[in-house]
Every structure is written in C-alpha cells, then in structure tokens.
Amino acid sequence: MKKGIILTLTIVMSIIVIGAGYVYYVGHQPMAKARKEAVEIAEEHAGLKEMDQFFWYNGTETYFTVTGKNDKKENIIVIIAKKGAKTQIIQQSDTISESEARKLTREAKNPKKILETRIGMEKGVPIWEVAYKEENGRLGYHIITLKDGEYVRDIGNI
C-alpha cells in the first residue's frame, strides 16, 4: 500500500516537472525565434560578427535590437523594425550607455528599483526605455533618447 502511494506520487511529480519544462520551452520560443532572426538581419545588413545583447521593444511599434561588434571590430547597435525588417545602424560611441540611461532615470524619477532597460524607436528616434518600480509599487517607464539621454516621455503609475 505504501509503495503504491509513493509510486503514484513519484509519477505525478514527474508529470508536473515535465509539464512545467514543456510550458517554459514553448513560452520562450517566440523570443528565441525573434533573436535568431534579428541576429541574421544584423549580420547581413550591418556586418555583425559578435553579438552582445538582444532587446525586444514594444512601443507604438515593435523593434528588435542587437548590439555587438561588426567586421571592423566597431561596437554597433542595430535596430530592426518588426514590420518590414527596416534596419538602423548606430555606432555605440555615438550613444549613452545602458548604465548612463539607468543613472539618468534614477536622477529624474528616484525609483524604488530599476527593473530593466531596452533599446527601441519612438517616432523615428532611437530611445532607451527604462522600466522601474515606483515607491508605491507601481510600474513606470522613463523614455530618453539613445543619443544623449534627452527626456522623451514618462509612463507612470501603471
């Protein structure tokens, strides 16, 4: 009797673990596919040879961004529109860094916690979107230009 219960619990737990793994795998497929396609476009259009980061930005439109080094060993940012795969290539030396974007957000918004940053485009302007948690626990987004950190807009109290 005891062996039967242990066997049943073991089988149920195995099914739960396998099911959770499957759900995780299926849930990450769109991100993996987008990343792979973005890297291929960046290799083709910008000579990307070494990838550092991948960002998925959903603003008024969706953009995928890949950062890394091109065939001349220059640090580049390649922003790719999801619709039409139009690309914009930017030298990283012409932009503010991720840490600078976080610093500007801390100074401007005094958030409880910065959650993540991503590069995208708003109205044809490359931007940093910094997601943060406000003191009241609500979500906020501080959007600044990629080039010089100039304020674009805030979305807060979400």
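In this predicted model, strand β1 (residues 48-58) and strand β2 run antiparallel and are joined by nine bridges, where strands are DSSP runs of E with at least two residues, numbered from the N terminus, and two strands pair if DSSP finds at least two bridges between them. As a predicted model, it has local features that need pLDDT of at least 70 and side-chain atom pairs that count only at pLDDT 80 or more, while totals for chains, interfaces and linings use all residues. Residues are numbered from 1 along each chain as its sequence is written, and side-chain values use heavy atoms, leaving out hydrogens and water.

**Strand pairing**
- Leu-48 has Asn-70 in β2 as its bridge partner, and a hairpin of three residues joins β1 to β2.
- Seven bridges pair β2 with strand β3 (residues 75-81) in the antiparallel sense, and Gly-68 has Ile-76 in β3 as its bridge partner.
- The hairpin of β2 and β3 has four residues between the strands, and in it Lys-73 takes a positive phi near 65°.

**Burial**
- Strand β2 (residues 62-70) is largely enclosed by the rest of the structure, because eight of its nine residues are buried, meaning under 20% relative accessible area with a 1.4 Å probe, protein chains only.

Conventions:
Buried means under 20% relative accessible area, exposed over 50%, partly exposed in between (1.4 Å probe, protein chains only).
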